[in-house]
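Me: Got a new model open here and I'd like to go through it with you. Can we take it piece by piece?
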Amino acid sequence: MVSTGPNPTPGALRHVLGHLLTPLLMCLGMGLAYLGAFHAPQPHDLRVDIVGSGPATQVLAQTLHDQADGALDVRTVPDRATASTALLHQDSYGAYIPGDHPELLVASASSDTSAMAVEKVFTKVAAGQDAPLRVTDLAPTASGDPTGQGVFFLLVAVSIGAYASVAVIGAAGAALPMRIRALLAAGTALVVSLIGALFAGPVFHLVDHGLAGVWALSWLYAAGILLIGVGLHTYLRRWTTLGVMVLFVMLNFTSSGGIYRPELQPGLFGSLHAFWNGAGLVEGIRSHVYFDGHALGGHLLVLVLWLLAGIALVTLAGRTEAARNASTAEAASEEAPKETMQQRAKEEGSEDAEEEMEEAVAV
């Protein structure tokens, strides 16, 4: 007779089904977020300029604006210098100079996909005038990042290093005081950001200058994620991994502007781009490295506010844990010997920590 092993108990089945809920929710969330953000990029209100001041320029701009049906926000500027300033301030994403030899000005470091969308539009305009289009890139990316998307994948690497560490600090370090866990989070953010700086500079040459600034922005970003995650662990426990993935993967990567800027995405992701921390890192690095720090203060403020939110959350979590411990100690003194209660709590905490870290590693 062949043994089929022990019969499954209802409790074991419920345990498995309970743990399956997390990956299924991740599948649902990732599909909705990534496909919703990336599956059909279309420009809307994408600012472009027509250079010139005569009647022909006005007619061209108005015709293009009407034909675009909301895809483009077409304006006229008087000269090349004004158009160049708008591009380098990321106020526009293309400037068309009509004439016998038409020229298109772009700044691909702002967004390669936006520059390509603009080039596609004005190639057709120039073709209608039987003239080849010359494209001039006023802000090209570094040689190690020809598509400009290396910054996005740097964001991915730093994010994974940060949010995966949350399970270790939050679960395995649950017996440590919150202040120690907060220091561990800050130290881990330092290591993660240094790894990110190595990737950006010596390893893959994603940037050719400003590496110290890239490191500083990466530390602010990683520290914010780690502190928020450690603080959330007090309240979410084994659901922390799912929580940080929603915040720092599903909503974060898709709204960062690293692949498509908000002008090529549905409105939700464009709205999140204004204040989410991933956008703060991506746009902050772009501003620092390629646009002489223009608007860097705003992106820096976004990262600092997320860091302050993390500090506030771990402070609140520390107080919550202190109140819980006081309540538990009082109950333990009435119901059971202290050593027995401590041993039971230690065993239960160990099991929870192992399960949570297994889920984090699997993700």
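Me: Which helix is Ile160 in?
Reply: Ile160 sits in helix 5, residues 150-172. Keep in mind that this is a predicted model.

Me: How far apart are Ile160 and Phe248, in sequence and in space?
Reply: They are 88 residues apart in sequence. In space, the C-alpha to C-alpha distance is 8.9 Å.

Me: Switching to the surface. Which residues form the nonpolar patch?
Reply: Leu21, Leu25, Leu28, Leu32, Tyr235, Leu236, Trp239 and Leu316. Together they have about 710 Å² of accessible area.

Me: Which helix gives the most to that patch?
Reply: Helix 1, with 4 residues. Helix 1 spans 10-38, and helix 7 (211-236) also supplies at least two.

Me: And where is Tyr235?
Reply: Tyr235 is in helix 7. Its relative accessible area is 35%, so Tyr235 counts as partly exposed.

Me: Salt bridges next. How many in the whole structure?
Reply: The search finds 8.

Me: Which residue does Arg181 pair with?
Reply: Glu321, with the closest N and O atoms 2.5 Å apart. This pair links distant parts of the chain, 140 residues apart. Arg181 is in helix 6 (residues 178-203) and Glu321 is in helix 11 (residues 296-335).

Me: Are those two buried or exposed?
Reply: Arg181 is buried, at 2% relative accessible area. Glu321 also counts as buried, at 13%. Elsewhere, salt bridges with shared partners join Arg261, Glu263, Glu283 and Arg286 into one network.

Me: What about Asp49?
Reply: The Asp49 side chain meets that of Arg47 in a salt bridge, 2.7 Å from N to O. Both Asp49 and Arg47 are buried.

Me: Now holes. How many cavities of 30 Å³ or more?
Reply: The count is 2. The largest cavity holds about 40 Å³ of space.

Me: What lines the largest cavity?
Reply: The lining includes Ser108, Asp112, Gln149 and Arg286. By class it has 2 nonpolar, 8 polar and 2 charged residues.

Me: What volume does the second largest pocket have?
Reply: About 340 Å³. Its lining has 8 nonpolar, 2 polar and 2 charged residues. Among them are Pro41, Met116, Lys120 and Tyr260.

Technical notes. Residues numbered from 1 in each chain as written. Predicted model: local features only at pLDDT ≥ 70, side-chain atom pairs only at ≥ 80, totals over all residues. Heavy atoms only, no water. Patch = residues over 30% accessible without salt bridge, like charges linked within 9 Å, V, L, I, M, F, W, Y side chains within 5 Å. Areas by Shrake-Rupley, 256 points an atom, 1.4 Å probe, with all protein chains shown as cover. Salt bridge = Lys/Arg side-chain N within 4 Å of Asp/Glu carboxyl O. Buried < 20%, exposed > 50% of the residue type's maximum accessible area, 1.4 Å probe, protein only. 1 Å grid on protein atoms, 1.4 Å probe; cavity = no way out; pocket = protein on both sides within 12 Å on 5 of 7 lines; lining within 4 Å. Points joined across faces, edges and corners; volume = space filled by probe spheres on them. Nonpolar A, V, L, I, M, F, W, Y, C, P; charged D, E, K, R; others polar.
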